Amino acid sequence: MPVMEYIDAIRLAMKEEMELDENVFVLGEDVGLKGGVFTTTKGLQEQFGEQRVLDTPLAESAIAGVAIGAAMYGMKPIAEMQYSDFMLPATNQIISEAAKIRYRSNNDWSCPLVVRAPIGGGIFGGLYHSQCPESIFFGTPGIKIIAPYSAYDAKGLLKAAVRDPDPVLFFENKKCYKLIKEDVPLDDYIVPIGKANVIREGSDITVIGYSLPLHFAMQAAEELATEQGISAHILDLRTLQPLDREAIIDAARKTGKVLIIHEDNKTGGVGAEVSAIISEECLFELDAPIKRLCGPDVPAMPISPPMEKFFMLSKDKVKEAMLELALY
Amino acid sequence: MNAKSHVKTETRHEQLGLSNAEVIDMYRYMLLARKYDERSLLLQRAGKINFHVSGIGQEAAQVGAAFALDRERDYFLPYYRDYGFVLAAGMSLRELMLSVFAKAEDPNSGGRQMPGHFGSKRLRIVTGSSPVTTQVPHAVGIALAAKMQKKDIVSFVTFGEGSSNQGDFHEGCNFAGVQKLPVIIMCENNQYAISVPIQKQLAGKVSDRALGYGFPGVRVDGNDALEVYRVVKEARERAVRGEGPTLIEAMMYRLSPHSTSDNDLAYRTKEEVDENWKKDGLPKMKQYLIDCGIWSEEQDAALSTEIAQQLKEAIDSADKAPFPLPEDTLLHVYADNEGDVR
């Protein structure tokens with residue numbers, strides 16, 4: 001089983017799905033000859049040709065809208081948004097169209113579309129190359145939302161997204177691209193959409209999150225175990241919509257102390273819904289108030305290094321929050 | 001329309017390759033759409049239905065275009081006034097009435113969407129929404145898919161001139177032009193975006209914009225069904241030859257208010273509306289058929305009676321048809337959704 005980077009796993013998922021199904025194609029800005037600004041689609045045009053790895057005009061609503069049309073015809077498009085920050089011109093196509101096509105046609109038409117978009121900061125991208133826009137789309141029934149943390153999941157979930165009969169937003173974390181390296185099987189596996197994953201078993205506190213911040217939580221958990229004997233239970237949501245309610249409730253019950261972490265800003269974020277689910281289902285089994293550690297409620301992440309560092313979560317920040325909860 | 005000059009040699013429709021039966025059929029769909037529209041307005045005013053949005057004054061262009069397409073294979077993305085188009089594409093009066101009454105059997109949406117939001121996979125009428133012009137990129141995507149699969153079909157999309165100012169129009173046209181896709185993009189310029197007249201919407205011609213996208217743009221008299229037929233047919237031939245998209249701007253006038261919720265005399269004069277009724281394409285088409293010697297007042301009266309009967313049956317049937325179950329609200333969010341939404 002080869003060790004590969006998160007970005008390689010995403011590329012491999014596309015390559016495998018394109019080999020398996022000739023209706024799968026990739027479109028977006030710079031995805032072709034250049035292979036994407038992050039090299040996510042590198043080599044794909046060489047293998048599959050210009051038509052199946054299509055360089056588009058710089059117009060995100062057309063990228064989404066054209067992909068939606070092709071999907072309704074029976075193709076399986078993977079539309080790349082260069083940065084999730086630039087996805088907002090396509091929001092009308094995603095929310096008013098893709099999300100509602102099956103519902104509004106009473107199941108006559110469908111839209112098997114994948115929209116891939118890199119999220120997250122920590123790359124000195126400033127306000128418009130760093131955002132986490134999950135909460136803009138979260139709570140829109142009709143679309144599924146995935147945000148993998150591991151390379152294994154990135155491959156398996158993207159393959160599942162391509163095969164899914166409904167529109168899926170695939171939020172890949174650009175800081176994870178090169179940071180996360182692990183064993184990724186070369187065989188044809190999928191990771192089911194809608195299933196969260198316990199990535200660390202523990203008994204003192206529960207951490208629930210998704211994407212990059214889980215990396216910090218895993219490091220912090222190791223240190224807390226060694227230094228303080230604190231045992232952390234960590235749940236990776238993996239799919240943000242639909243949320244795996246059972247897994248969330250089980251994880252909360254496991255320790256009775258819950259910390260929710262994400263880089264998207266706190267107010268109205270996915271964590272608010274996770275917190276509400278726990279409150280609805282098992283409030284009286286908790287031993288501490290639910291705690292959230294998220295990006296601050298400012299419009300977006302500044303580029304200046306100390307400001308970026310202030311905005312981002314880190315191992316130390318997550319560790320501090322975990323310790324505080326453990327000591328409650 | 002002037003048939004007489006050609007009567008002795010070849011009529012206009014014959015020159016376009018249309019038989020007498022076909023051109024009469026065109027007229028029949030135009031009249032059917034008009035009568036459907038008028039009746040829906042009455043149903044709304046009588047309190048039988050909640051809403052109607054009219055296409056009166058636009059039937060000639062809609063039906064002319066439909067007849068120029070391959071109605072067995074092409075894909076259609078009509079907008080909310082296109083009753084003439086969808087009828088000619090094969091939707092029945094009963095199906096339209098089921099939508100108007102928001103009944104479970106409505107093939108467009110199962111009673112979920114407002115009337116005029118067409119959709120039928122069987123007829124390759126692609127489901128549409130209310131935010132305008134989102135369907136232009138969809139049509140381009142369908143044309144892209146058809147090209148990828150080497151199918152000799154086209155997609156045909158319509159919208160109003162108000163919508164032609166949306167970003168999706170420009171983004172869709174540009175994409176189609178770059179990829180030389182088999183898509184026909186037809187603006188039904190009825191000169192009003194609800195209350196805003198054309199001079200406050202457009203500083204130039206919609207058709208001229210095609211130059212900037214690298215494909216032909218044609219302005220055509222939308223009250224002349226045969227002329228629209230000719231232009232759309234040429235566009236289709238170009239498309240299947242691999243020569244790319246065509247932008248068509250069909251000029252017409254919205255003779256009705258925007259919808260049953262609109263009082264149009266608050267922003268335009270009766271004189272202006274009356275003046276435009278004189279240009280109505282429907283009586284022109286009838287006169288053309290009579291001038292060709294293939295239609296008569298008697299036949300016309302018989303057709304009107306027949307349509308009135310069809311409408312009555314469609315309304316009775318749709319009125320009696322069951323509503324969706326309240327809990328059906330929860331169905332079809334996702335493919336695997338059996339109503340288990342929380």
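Modeller: Gladly, and a term comes before the pairing: a crossing is left-handed if the near helix is turned anticlockwise from the far one by less than a right angle, and right-handed if clockwise. Helices here are DSSP runs of H or I with at least four residues, strands are runs of E with at least two, and both are numbered from the N terminus. The model is predicted, with local features needing pLDDT of at least 70 and side-chain atom pairs counted only at pLDDT 80 or more, while totals for chains, interfaces and linings use all residues. Residues are numbered from 1 along each chain as its sequence is written, and chains are lettered from A and ligands numbered from 1 in the order in which they are written.

Now to the pairing. H3(B) makes a right-handed crossing with H4(B). H3(B) covers residues 20-45 and H4(B) residues 59-68, and they pack at about 135 degrees with axes 9 Å apart (axes are lines fitted to C-alpha atoms, for helices over the stretch in contact, and angles run from 0 to 180 degrees between N-to-C directions). The two helices are therefore oblique to each other; angles under 35 degrees count as roughly parallel, over 145 as roughly antiparallel, 65 to 115 as roughly perpendicular and the rest as oblique.

On the H3(B) side, the residues that meet H4(B) are Glu22(B), Met26(B), Tyr29(B), Met30(B), Ala33(B) and Arg34(B). H4(B) answers with Glu59(B), Ala60(B), Val63(B), Gly64(B) and Phe67(B), where contact asks for C-beta atoms, placed from the backbone, within 7 Å. Seven residues of this contact are nonpolar, one is polar and three are charged (Ala, Val, Leu, Ile, Met, Phe, Trp, Tyr, Cys and Pro count as nonpolar, Asp, Glu, Lys and Arg as charged, and the others, Gly among them, as polar).

Chain B holds another pairing to set beside this one. H6(B), residues 93-100, packs on H13(B), residues 297-320, at about 45 degrees with axes 8 Å apart. H6(B) and H13(B) are therefore oblique to each other, and their crossing is right-handed. H6(B) contributes Leu93(B), Arg94(B), Met97(B), Leu98(B) and Val100(B), while residues of H13(B) in the contact include Gln310(B), Leu311(B) and Ala314(B). Eight nonpolar, two polar and one charged residue make up this contact.

Elsewhere in chain B, Ala210(B) lies in helix H9. Ala210(B) is buried, with 21 other C-beta atoms within 10 Å; the label buried needs 20 or more, exposed 12 or fewer, and partly exposed lies in between, with C-beta atoms placed from the backbone. The C-alpha atoms of Ala210(B) and Thr246(B) are 7.7 Å apart, although 36 residues separate them along the chain.

Finally, chain B has a partner: 33 of its residues are in contact with 35 residues of chain A. On the chain A side, H3(A), H4(A) and H5(A) each supply at least two residues, and H3(A) gives the most, with 10. That side of chain A divides into 15 nonpolar, 14 polar and six charged residues. Glu60(A) belongs to H3(A) and counts as buried, with 26 C-beta neighbours inside 10 Å. Beyond four places in sequence, the contacts of Glu60(A) are Met81(A), Phe86(A), Met87(A), Pro89(A) and Ala90(A).

How values were computed. Contact = placed C-beta atoms within 7 Å.
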